[in-house]
Amino acid sequence: MMLALKLLLAFAVPLISALKFDIQAHPGQESASKERCIRNFVQKDQLVVVTATSSGSKGDGQVLNMHIKDAVGNDYHRPRDIVGENRYAFHSHADSAFDVCFENILNAQQAVMNPMRSVELDIDIGADAKDWSAIQAGEKLKPMEAELRRLSESAKEVTDEMDYLRSREVKLRDTNESTNERVKWFAFGTMGMLVALGVWQVVYLRAYFRSKHLI
């Protein structure tokens with residue numbers, strides 16, 4: 001009972017926190033090595049909403065570019081020269097990690113003291129990414145019904161995540177057992193070859209010494 005209550009409270013009070021950081025401007029062309037990336041993991045077909053709020057203004061001598069991509073080569077968004085609040089949504093194409101990358105390029109004609117942009121990044125995934133106010137209004141749900149539906153979807157995501165981790169654990173265990181089996185038979189084969197080589201050497205040397213009438 002206490003465990004169920006704790007889980008309910010955990011779902012009912014979602015942790016909402018944005019990541020804040022400063023990104024220094026660099027002169028020159030765009031370079032992937034100079035990007036600053038934030039990585040997260042997402043399952044296939046999940047809704048992801050990325051909200052980035054940047055300081056500065058257009059024409060201030062800095063160009064802040066953003067790139068949302070995943071580890072398997074999918075590009076979701078690549079906005080250029082972003083300022084203020086920008087929101088981007090996408091559905092993931094695979095079970096994979098995805099990166100939200102920023103690069104600040106200095107293009108001022110005159111010197112700028114300590115050029116940098118402040119960025120506030122918020123990433124919502126799955127049920128947290130949905131606009132529940134719009135869903136409540138569109139489907140004419142009561143506040144409690146909307147909250148229960150959100151909790152239900154959050155619980156389903158947790159269950160799906162546990163099933164995914166369980167399947168990964170099964171695959172890793174099968175791979176480990178297969179590797180151990182191969183190593184075992186390789187060791188037996190190596191030992192058999194060494195024994196056979198030792199026997200052959202003994203037989204060969206005895207035959208050689210007999211031919212020389214040494215034994």
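Reader: Which residues are linked with Lys-130 in a network of salt bridges?
Author: A salt bridge is a side-chain nitrogen of Lys or Arg within 4 Å of a carboxyl oxygen of Asp or Glu. Under that rule, Lys-130 is in a network with Arg-149 and Glu-153.

Reader: What kind of model is this?
Author: Residues are numbered from 1 along each chain as its sequence is written, and side-chain values use heavy atoms, with hydrogens and water left out. Local features need pLDDT of at least 70, side-chain atom pairs count only at pLDDT 80 or more, and totals for chains, interfaces and linings use all residues, since this is a predicted model.

Reader: How many salt bridges does the count come to?
Author: Glu-153 and Arg-149 make one of them, at 4.0 Å from N to O. Glu-147 and Arg-150 make another, at 2.7 Å. By the rule above, the count comes to 12 salt bridges.

Reader: Which helix holds both Glu-153 and Arg-149?
Author: Helices (H or I, at least four residues) and strands (E, at least two) are DSSP runs, numbered from the N terminus. Glu-153 and Arg-149 are four residues apart, so about one helical turn separates them. Their helix is H3.

Reader: Is Arg-150 buried or exposed?
Author: Buried means under 20% relative accessible area, exposed over 50%, and partly exposed in between (1.4 Å probe, protein chains only). Glu-147 is partly exposed because its relative accessible area is 28%. Arg-150 has 8% relative accessibility, so Arg-150 counts as buried.

Reader: How far apart are the closest N and O atoms of Glu-169 and Arg-173?
Author: Glu-169 and Arg-173 are four residues apart in helix H3, so about one helical turn lies between them. Glu-169 is partly exposed at 40%, and Arg-173 is partly exposed at 36%. Their side chains form a salt bridge, and the closest N and O atoms are apart by 2.9 Å.

Reader: What is the area of the nonpolar surface patch that includes Tyr-208?
Author: Patches are made of residues with over 30% relative accessible area and no salt bridge; like charges are joined within 9 Å, nonpolar side chains (Val, Leu, Ile, Met, Phe, Trp, Tyr) within 5 Å. Tyr-208 lies in helix H3, residues 143-211, and its 39% relative accessibility makes it partly exposed. Accessible areas come from the Shrake-Rupley method with a 1.4 Å probe, and for residues only the protein chains shown count as cover. Leu-197, Trp-200, Tyr-204, Leu-205, Tyr-208, Phe-209 and Leu-214 make a patch of about 740 Å².

Reader: What separates the centres of domain 1 and domain 2?
Author: Domain bounds come from an automatic or database domain assignment. That assignment gives domain 1 as 17-129 and domain 2 as 141-214. Taken over C-alpha atoms, their centres are separated by 40 Å.

Reader: How many residues does the contact take from domain 1, and how many from domain 2?
Author: Contact means heavy atoms within 4.5 Å. Salt bridges between domain 1 and domain 2 number zero. The contact takes eight residues from domain 1, and from domain 2 it takes seven.

Reader: Which three residues supply 70% of the area that domain 1 buries against domain 2?
Author: Buried area is the accessible area (1.4 Å probe) that two parts lose on being put together, summed over both. Domain 1 and domain 2 bury about 540 Å² between them, with 44% of it on carbon and sulfur atoms. On the domain 1 side, more of the area comes from these three than from any other three residues: Phe-41, Gln-43 and Ala-127.

Reader: What distance separates the C-alpha atoms of Gly-138 and Gln-43?
Author: Gly-138 is in helix H2, residues 132-138. At 62% relative accessibility, Gly-138 counts as exposed. Along the chain, Gly-138 and Gln-43 are 95 residues apart, and their C-alpha atoms are separated by 27 Å.

Reader: What is the phi of Asp-45?
Author: Asp-45 lies in the loop between strand E3 (36-42) and strand E4 (47-54). Asp-45 is exposed, with a relative accessible area of 57%. Asp-45 is not a glycine, yet its phi is positive, at about 65°.

Reader: How far apart in space are Ile-105 and Lys-34?
Author: Ile-105 is in strand E8, residues 96-106, and counts as buried because its relative accessible area is 10%. Leaving out residues up to four places away in sequence, Ile-105 touches several residues, including Ala-25, His-26 and Val-63. Ile-105 and Lys-34 are 71 residues apart in sequence, but C-alpha to C-alpha they are apart by 9.7 Å.
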